[in-house]
Amino acid sequence: MKVDIRIVNDSLTPAINKLIKESGALSKSVLKAMGVSLQSRIVRSFTDQGLRIETWKPKKDGTPTTLQRSTTLRGSIDLTECTDKHATVSTSTVYGQFHQFGTRKGLPRRPFFPFKKNGKI
């Protein structure tokens, strides 16, 4: 699963635009720091409910969902690419997308990437 994040209107964009204007480009180190920060937030959202974009539906037995049977999904969240133009944070698991978006067969959405269904953060 690959996530492409584009921030459209927020309080961070003016500061980033100022950096770009002053330096001519957004440095790779700034993008890497942003990617590492996002990766950390995603990983922490597995145990910190306050970082989740929405509440996860409990398991069928009513206990809280953690998505941590084997911790493979949580451990697969990585900064997979960083250039002077973008940073990519993704999971290498095939099933991550099913937890993020849910399925038609009844698996509920349990998003761990911090963006809503419409792509907004």
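Student: How many of the 5 residues of β3 are buried, and by what is β3 largely enclosed?

Tutor: 4 of the 5 residues of β3 are buried, so the rest of the structure largely encloses this strand. Buried means under 20% relative accessible area, exposed means over 50%, and partly exposed lies in between (1.4 Å probe, protein chains only).

First, the ground rules. This is a predicted model, in which local features need pLDDT of at least 70 and side-chain atom pairs count only at pLDDT 80 or more, while totals for chains, interfaces and linings use all residues. Residues are numbered from 1 along each chain as its sequence is written, and side-chain values use heavy atoms, with hydrogens and water left out.

Now the confidence. pLDDT is the predictor's confidence in each residue, from 0 to 100. The chain has a mean pLDDT of 82. Of its residues, 81% reach 70 or more. Helix α3 (residues 72–75) has the highest confidence, at 93. Strand β1 (residues 2–3) has the lowest, at a mean of 58.

Next, the setting. The chain has 4 helices and 3 strands. Both kinds of element are DSSP runs numbered from the N terminus: helices are H or I with at least four residues, strands are E with at least two. Along the sequence the pattern reads β-α-α-α-β-β-α. Of the 121 residues in the chain, 32% are buried.

Back to the strand. β3 runs antiparallel to β2, and 5 bridges join the two. Strands pair if DSSP finds at least two bridges between them. A hairpin through 4 residues connects β2 to β3. Two of the bridge partners can be named. Ile-77 has Thr-91 of β3 as its partner. Leu-79 has Val-89 of β3.

Ser-90 counts as buried, at 8% relative accessibility. Its side chain makes a polar contact with the side chain of Thr-80, at 3.1 Å. A polar contact is a pair of N or O atoms within 3.5 Å; within protein, one must be able to donate a hydrogen and the other to accept it, and residues adjacent in sequence count only if both atoms are side-chain atoms.

Contact means heavy atoms within 4.5 Å. Leu-79 and Thr-91 are 12 residues apart in sequence, and their C-alpha atoms are 8.9 Å apart.

That brings in α2. The buried residues of this helix pack against β2 (77–82) and β3 (87–91). They are Leu-31, Gly-35, Leu-38, Gln-39 and Ile-42. These residues cover an arc of only 100° around the axis, which puts them on the same side of α2. The arc is that of the directions from the helix axis to the C-beta atoms. Helix α2 (residues 28–44) has 17 residues and reaches 24 Å from its first C-alpha to its last, close to the expected 24 Å. The expected span is 1.5 Å times one less than the number of residues.

The loop between α2 and α3 holds Thr-71. Thr-71 has a positive phi of about 65°, although it is not a glycine. Thr-71 is partly exposed, with a relative accessible area of 34%.

Last, the segment after α4 (96–101), where Arg-109 lies. Arg-109 is buried, with a relative accessible area of 16%. Its side chain makes a polar contact with the side chain of Glu-54, at 2.8 Å. A polar atom of the Arg-109 side chain also lies 3.2 Å from the backbone oxygen of Gln-100. Lys-116 lies in the segment after α4 too, but counts as partly exposed at 43% relative accessibility. Lys-116 and Ile-53 are 63 residues apart in sequence, yet 6.9 Å apart in space, C-alpha to C-alpha. Over the chain, residues 24 or more positions apart account for 51% of the contacts with a separation of 6 or more.
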